[in-house]
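Please look through the structure shown below together with its sequence. The paragraphs that follow go through one chain and then parts of another.

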Amino acid sequence: MVKSTSKDAQDLFRSLHSAYSATPTNLKIIDLYVVFAVFTALIQVAYMALVGSFPFNSFLSGVLSCVGTAVLAVCLRIQVNKENKEFKHKTVVTNLRGIVAMFVIAV
Amino acid sequence: MMARCLARFLVSLLALAICNAASVSHPISDSHRSAALDVFVPLDGSYKSLEEAYEALKSLEILGIDKKSDLSSGTCENVVKVLASPSSALKDVFYALSVNGILKCKTGEDVPKDIVSKLQAGAKDAKLLLDFYYSIRGLVLVKEQFSGTDLTLGDAEAIFRSVKALSQSDGRWRYSSNNAESSTFAAGLAFETLAGVISLAPSEIDQSLIQTVKTGILKLFDSIQKYDDGTFYFDGSEGPISTTASVIRGLTSFAASESTGLNLPGDKIVGLAKFFLGVGIPGDAKDFFNQIDALACLEDNRFSVPLILSLPSTVISLTKKEPLKVKVSTVLGSKAPALSVKLAEALNSKGSSVINNQELKFDADSATYFLDSFPKNFDVGKYTFVFEILLDESANEKGYITEAQTKVPIAATGAIGIENAEIAVLDSDVGSIESQKKLDLTKDGVVSLSANHLQKLRLSFQLTTPLGLVFKPHQAFLKLKHESQVEHIFLVKTYGKKAELVLDFLGLVEKLYYLSGKYEIQLTIGDASMENSLLSNIGHIELDLPERPEKAPLPPLHPTDPYSRYGPKSEISHIFRVPEKLPAKQLSLIFLGLIVLPFIAFLIGLTRLGVNIKSFPSSVGAATSALLFHGGIGAVLLLYVLFWLKLDLFTTLKALSLLGVFLLFVGHRTLSNLAAASNKLKSA
């Protein structure tokens, strides 16, 4: 049974990977940025776990800023994704440039 | 009879109220001379400047101390050098001539001609008061020291007028015609200068000019200051001693130079003399010189010579029966002329006069006046003696003056009689005597008493003055000292005729810390007027006190060392907030590196994905706005970094708002450019 599950996992992973490469480059950039932000946040949490939260403000500001920018990037991704049909009418600015400009200012 | 006594009492009280406080001045004595040796003789035999040398040598000369042989060599060299050199300043020439007058380095016929011409030119061209002073006084010194000269000032009256032009209406003088600030010290210098001009003038100077100077002098006396004890002085920016000395020097030389005489208020002259004598022994060389020089001027001048009354001892001992001695002398301690001293009145502490109009006898050997007989009702205590000096007829020609009345505080001491001294233990309520002992306070007794806490201890004695009146001492203490060195002190108060102390042990148990046992009794009686003050150990008393209850205060553990409270106190240990534990520096730096890693990974990932900036606009206008936009964003990020490192929130927010507005405009422009470009692409 183990063999089949691991083979299943491998198959799953391979299908995900192939599906992901089909996404347009824009979205890949945004995904990369989100991963980078989350990783930075995780490293900060690990540091705090190690040395204690003495300057708690610093910890909070570091983690929350990373998380915040990741969230904003995710919002951008949702709005920019052409395959996402539900969001078309709900954006304030339908123009692509407008969306990107909003993201920049929000950050 | 009663009315007359009452009136006399009231008048004397009133007189005491108006009159000045009593004080004694002493003329210059040997203590001054020995202090002068310390102040004026330099350790290495040479002086720092000619001015210092002159001041020191003049003071030593006035005091009669002969140190010329030690000091003359080095100073004389200096003097000769200054007088020989043609480029010396007027001030140095003046002081060199002054020192020469004392040490006589150069005398005789060979007057230095260039010095004379320099001084005469200085007098003619001078504009400042100090230049006039140095040149005129220098010429006067040359005339005194070098015999073969015939010095006269060319235009003496013009010089007189130009010096006089520096005077002011309030009696003070200015240093120069440009500078408006005036001083009393300058007035003294001006008087000396004018005196020099008068003495060097070939013919008489106009009397009206001299009269205006005299009015100015009297105006100056209006600004004199005084202390309550009758001393007068002139105040100024150079200090009261220097200013007053300068004025006295000026007045002396002015009075000596002109013939008609100077009338100065006598009481102020005596007040000035008392001021200088009241300084005591100054520690500063300049103050010492000013004091001695001013007193020398007062000793021998043309207007009035003050005489000082002093007492070597202000205590009269009724047991020793010695006379009270009074000395009258000039300020420097020289002999006074023939005069008589009268004790106008002796006021006791209540204000009534005990002695009236007693003439003092004169002892020619010691040149002192003395009073040897005191009336029968002269008791111990504090008195104020009022002396008056009457000058004989022959003395008036020199113009001696004295204080109208000299008030001196005198203390009379005597042996106080102690009678009826006894100590007793009484039963409390009834007051009956359980045991009573007579005391002889002159000997240490071995009285032995015992008491319990229900009884009282009574000590009583009577003190009488030599005249038999009741005497109330300043200090009368009874001390009880326990075996464990704990002490208690009680005051013995005088009621009516006798002094009595009653210790009620019932009320004192707590104060005595409930300590039973043997207490030593010690009695102290003392007073300033009492010649036989005593401290006697009377004996001891066994006290039987009840047990100490729980809440009573404990006796002090250590014997109360009276000086221990002045020692250092215990060290205070401050408790500081424990600083937070910070992680090791290397750990923090490692994590800093770790944080940067994801960023690098992001950049690598971007390049792998094939990120490009191909649609960056190329035309100039759009490019600049795009560049500005990206630059603005970069600036905002830089601002964040600065905020982290250095800036505070307010400056950051201000900068951020400015950058934000800028970014808004530039970003809008960039976007519109981009939109136009894409529209063009669509339409094209």
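In chain A, among contacts (heavy atoms within 4.5 Å) between residues at least 6 apart in sequence, 56% join residues at least 24 apart. The model is predicted, so that local features need pLDDT of at least 70 and side-chain atom pairs count only at pLDDT 80 or more, while totals for chains, interfaces and linings use all residues. Residues are numbered from 1 along each chain as its sequence is written, chains are lettered from A and ligands numbered from 1 in the order in which they are written, and side-chain values use heavy atoms, with hydrogens and water left out.

Chain A has 4 helices and 0 strands, where helices (H or I, at least four residues) and strands (E, at least two) are DSSP runs numbered from the N terminus; read from that end, its elements run α-α-α-α. Of its 107 residues, 24% count as buried, a term that stands for under 20% relative accessible area, with exposed meaning over 50% and partly exposed in between (1.4 Å probe, protein chains only). The accessible surface of chain A comes to about 7600 Å², of which 70% belongs to carbon and sulfur atoms; such areas come from the Shrake-Rupley method with a 1.4 Å probe, and for residues only the protein chains shown count as cover.

An unreviewed UniProt entry lists residues 30-50 and 56-80 of chain A as "transmembrane region"; positions are given in the numbering used here, feature names are shortened, and annotations may be inferred rather than shown by experiment. In the model, residues 30-50 of chain A are 100% helix and 0% strand, with end C-alpha atoms 31 Å apart, and residues 56-80 of chain A are likewise 100% helix and 0% strand, with end C-alpha atoms 36 Å apart.

In chain B, an open sheet of 5 strands with mixed pairing has the order E10-E11-E7-E5-E13, two strands being paired if DSSP finds at least two bridges between them. Its edge strands are E10 (361-363) and E13 (400-401) of chain B, each of which pairs on one side only. E10(B) and E11(B) pair in the antiparallel sense over 3 bridges, forming a hairpin with 4 residues between them, where B:Ala367 in the turn has a positive phi of about 50°. B:Phe370 in E11(B) is the bridge partner of B:Lys361 and also of B:Lys325. Strand E7 (residues 324-330) of chain B runs antiparallel to strand E11 (residues 368-371) of chain B, joined by 3 bridges. Strand E5 (residues 305-310) of chain B, by contrast, pairs with E13(B) in the parallel sense over 2 bridges, and B:Pro306 stands opposite B:Ile401 in E13(B).

Which residues have the most contacts inside the largest nonpolar core? They are B:Leu153, B:Phe160, B:Trp173, B:Phe191, B:Ile217, B:Leu251 and B:Phe254, within a core of 102 residues; a nonpolar core is a set of buried Ala, Val, Leu, Ile, Met, Phe, Trp, Tyr and Cys residues joined through side-chain atoms within 4.5 Å. Helix H9 (residues 184-200) of chain B gives the most to this core, with 11 residues. A second, separate core of 69 residues includes B:Leu318, B:Val447, B:Leu515 and B:Ala552.

Finally, B:Gln485 lies in the loop between strand E19 (475-482) and strand E20 (487-491) of chain B, with a positive phi near 70°.
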